[in-house]
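Here is a short briefing on one protein model. Look over the sequence and the structure first, then read the points below.

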Amino acid sequence: MKAGGKSRRTYALRSLRSQLLARTLLILALLLVLIGFLQYFLMKDFLYRSRAEAMDTQLNSIPADLLIKDSQEQSEVTAPREQTNRRNNRPGPFLFWPDMSLASIDIDGTFQSLSNENGLKPPRLTTEQYHAMQQSKRMRHGYQLITDAQGKEQLVVFRPLGPPDRSSGLLQMGVSTNSMQEQLINQLRTFILLSLIALAIGLALMLPVLRRTLVPLSRMVEAVKRIDAGNLAERFDAEQGQYEVDRLAVSFNGMLERLEHSFAAERELQMQMRRFIADASHELRTPLTSIHGFLEVLLRGAASNPKQLQSALESMYGESKRMNKLVSDLLLLAKLDRTPELKLEDIPLDALLLEMKPQLLMLAGTRKVVFDMTAGIRVLAEGDKIKQVVLNLFHNAVQHTDMERGVIQVNLSAGKKLVDIQIRDNGPGMSKEQLERIFERFYRGDESRTRSSGGAGLGLAITQSIVEAHGGNITAESTPGTGSVFKVTLPLAGTV
């Protein structure tokens with residue numbers, strides 16, 4: 001049970017739905033974190049700037065006589081008139097706001113706190129910083145964050161003390177940033193809470209959406225489970241409304257179609273191989289049986305009879321010759337089944353056929369032979385192989401035509417890219433079933449399998465292999481009672 005539970009958990013973590021959900025929520029969480037940081041810093045700057053502007057307004061609204069009142073009282077009580085100077089004119093402490101501080105800085109850099117005991121202690125910069133601030137009007141604007149002696153951060157603003165053209169120092173006002181920090185923290189907490197609620201709602205909404213979105217993919221998975229070597233006709237719906245899934249379905253359908261064709265071709269090849277082995281065994285067994293029988297007769301005493309000996313030797317020679325021809329054809333077919341190595345040359349096809357004409361006429365005997373050839377046709381081919389193709393087709397026509405009334409036509413023509421060789425006869429023709437199997441190895445239209453016409457049914461198979469090795473094609477047309485025509489198509493030289 002533990003192993004099964006662990007396997008289910010592993011599957012859930014590795015499922016596409018879980019990964020899409022996790023990655024989407026992760027991206028959403030990262031975006032919310034980024035928005036939170038941006039919001040925090042932008043809001044912080046906004047609050048500080050707003051408070052600095054309010055403090056600057058407060059500073060500008062403080063009357064100048066209020067700032068120097070305490071200074072006058074102090075000079076009348078504690079200091080002689082002759083020692084009154086600029087230091088005695090500094091305002092004394094009067095600020096009573098508990099979260100604010102106020103201080104003045106003389107033109108010589110003397111720092112004086114104006115906050116009472118209930119206010120904040122004003123933070124203090126260095127004398128050099130105050131001098132630089134008085135000399136640069138630009139530095140008096142804006143705000144600064146300064147930590148006071150108690151370690152508390154204050155937001156501090158400055159303005160000139162006295163008229164702008166006769167500045168006698170700086171006035172510094174500070175306020176604690178605790179309240180603003182608390183406001184920012186509360187806002188950040190609210191944002192975090194809302195973000196968690198948004199993630200929870202997103203999780204609840206995305207689960208059914210992802211489940212519905214991945215339904216087509218789940219259907220494809222179930223369909224794939226039903227597919228095996230014996231069931232390749234399964235196809236996927238290529239219009240499910242999802243572009244990527246539709247592309248995947250189209251690719252799967254193409255793959256299944258190729259597999260189906262491959263398995264069909266493999267089954268057909270196996271059937272042909274079984275037929276090939278059976279036919280080859282039959283064809284080889286017959287002459288071997290005949291030779292074996294003649295040897296038995298000779299061993300029984302016929303060898304002493306010159307006539308019987310001569311007849312047996314001639315029969316065995318004929319059978320061995322036919323068997324040798326069969327083995328040679330089988331070896332040639334095996335070589336053509338592999339990548340054939342042809343010695344291609346640019347040859348004139350009409351001259352090749354004219355060269356074969358005496359041999360064809362001799363083979364035809366008393367049959368009528370008609371030649372119709374177009375001159376100047378050239379092909380890229382191996383001459384001996386093309387001669388074998390023509391000879392096999394012509395010999396096939398001779399075997400199926402009458403010696404006295406037989407007519408065989410040899411035609412040669414060419415188109416823009418292809419050349420046609422046609423050998424037509426007026427024999428008995430072939431049925432549709434025979435045409436479908438005419439190029440099969442060891443197939444002969446004579447179902448009795450007699451050998452009066454010679455051959456083992458390999459000539460047309462060899463012819464087809466040679467033509468296809470040259471990049472051509474061979475077809476047969478026939479109507480029972482009117483004869484047959486074999487058409488060989490080859491590419492013209494220069495078009496390959």
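pLDDT is the predictor's confidence in each residue, from 0 to 100. This is a predicted model, where local features need pLDDT of at least 70, side-chain atom pairs count only at pLDDT 80 or more, and totals for chains, interfaces and linings use all residues. Residues are numbered from 1 along each chain as its sequence is written, and side-chain values use heavy atoms, with hydrogens and water left out.

**Confidence**
- The protein chain averages a pLDDT of 78, and 80% of the residues score at least 70.
- Over residues 68–93 the pLDDT is below 50.
- Residues 447–453 also stay under 50. The model gives them twelve contacts (heavy atoms within 4.5 Å) beyond four places in sequence.
- Where pLDDT is low, the predicted coordinates should not be read in detail.

**Overall build**
- The protein chain has twelve helices and twelve strands. These are DSSP runs, numbered from the N terminus: helices are H or I with at least four residues, strands are E with at least two.
- Of the 496 residues, 33% are buried. Buried means under 20% relative accessible area, exposed over 50%, and partly exposed in between (1.4 Å probe, protein chains only).

**Nonpolar cores**
- A nonpolar core is a set of buried Ala, Val, Leu, Ile, Met, Phe, Trp, Tyr and Cys residues joined through side-chain atoms within 4.5 Å.
- The largest core has 44 residues; Leu 349, Leu 393, Phe 394, Val 419 and Val 488 touch the most other members.
- Helix α10 gives this core its largest share, seven residues.
- Apart from this core lies another, of 15 residues, including Leu 59 and Met 173.

**Aromatic pairs**
- Rings of Phe, Tyr and Trp (its six-membered ring) pair if their centres lie within 6.5 Å; planes under 30 degrees apart count as stacked, over 60 as edge-to-face and the rest as tilted.
- The whole structure holds six aromatic pairs.
- Tyr 48 and Tyr 143 pair edge-to-face, 6.0 Å centre to centre, with 90° between the planes.
- Tyr 48 lies in helix α2 and Tyr 143 in the loop between α4 and β3, so the pair ties together parts 95 residues apart in sequence.
- Tyr 48 is buried at 1% relative accessibility, whereas Tyr 143 is partly exposed at 23%.
- Phe 439 and Phe 486 have ring centres 6.3 Å apart and planes at 90°, so this pair is edge-to-face.
- Phe 439 is buried at 15% relative accessibility, and Phe 486 is buried at 3%.
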